[in-house]
Amino acid sequence: MLIFFMLAGSGLMIQYSATNTMLQTFVEDDKRSRVLSFFLLSMMGTAPFGSLIIGFFSEHYGLKNTLTISGLLCIGASFLFLKKAKVINKNLSLHYRDWE
C-alpha cells in the first residue's frame with residue numbers, strides 16, 4: 001500500500017510542476033498572474049472541500065468503499081484525459097510554433 005501512495009505522490013508532483021511550467025510558458029505576460037492565481041486556487045483551495053467530502057463518505061459508507069470509488073473515479077478521469085491528450089498536444093504544438 002505504501003508503494004501506491006509513493007506513486008500517487010510522485011504523479012501529483014509531476015503533474016503539478018508540468019502544469020505550472022506549461023502555464024508560465026504559454027500564457028501571455030499580462031494575463032499570467034490571473035491565470036496562475038486561478039490555478040493555485042483550483043489546486044490548493046479545493047483540497048479542504050475534498051477532505052470534507054471524503055470524510056463524509058468514509059463515515060457513512062466505510063473507508064474501503066470510499067477509497068475504491070475514489071480510485072475508480074481517478075482511473076476514469078485518466079482515461080478521459082488520455083482521450084483528449086492528442087487534441088491538447090496538437091494545440092500546444094501549434095501555440096509553441098507561434099511562440100518561437
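Analyst: Lining residues are those with an atom within 4 Å of a pocket point, and the helices that supply them are DSSP runs of at least four residues, numbered from the N terminus. The model here is predicted.

User: Which helix gives the largest share of the lining of the second largest pocket, and how many residues does that share hold?

Analyst: That share comes from α4, with six residues, while α1 and α4 each supply at least two. The lining consists of Gln15, Ala18, Met22, Ser78, Phe81, Ala85, Ile88, Asn89 and Leu92, around a space of about 270 Å³.

User: What is the volume of the largest pocket, and which residues are closest to its centre?

Analyst: The volume of the largest pocket is about 780 Å³, and of the 19 residues that line it, Thr66, Leu67, Ser70, Gly71 and Cys74 are the closest to the centre. At least two lining residues come from each of α1 (2–26), α3 (47–61) and α4 (63–99), and α4 provides the largest share, eight residues.

User: How do the residues of each lining divide into nonpolar, polar and charged?

Analyst: In such a division Gly counts as polar, whereas Cys and Met count as nonpolar. On that basis the lining of the largest pocket has 13 nonpolar residues, six polar and no charged, and the lining of the second largest pocket has six nonpolar, three polar and, again, no charged.

Methods
Residues numbered from 1 in each chain as written. Predicted model: local features only at pLDDT ≥ 70, side-chain atom pairs only at ≥ 80, totals over all residues. Heavy atoms only, no water. 1 Å grid on protein atoms, 1.4 Å probe; cavity = no way out; pocket = protein on both sides within 12 Å on 5 of 7 lines; lining within 4 Å. Points joined across faces, edges and corners; volume = space filled by probe spheres on them.
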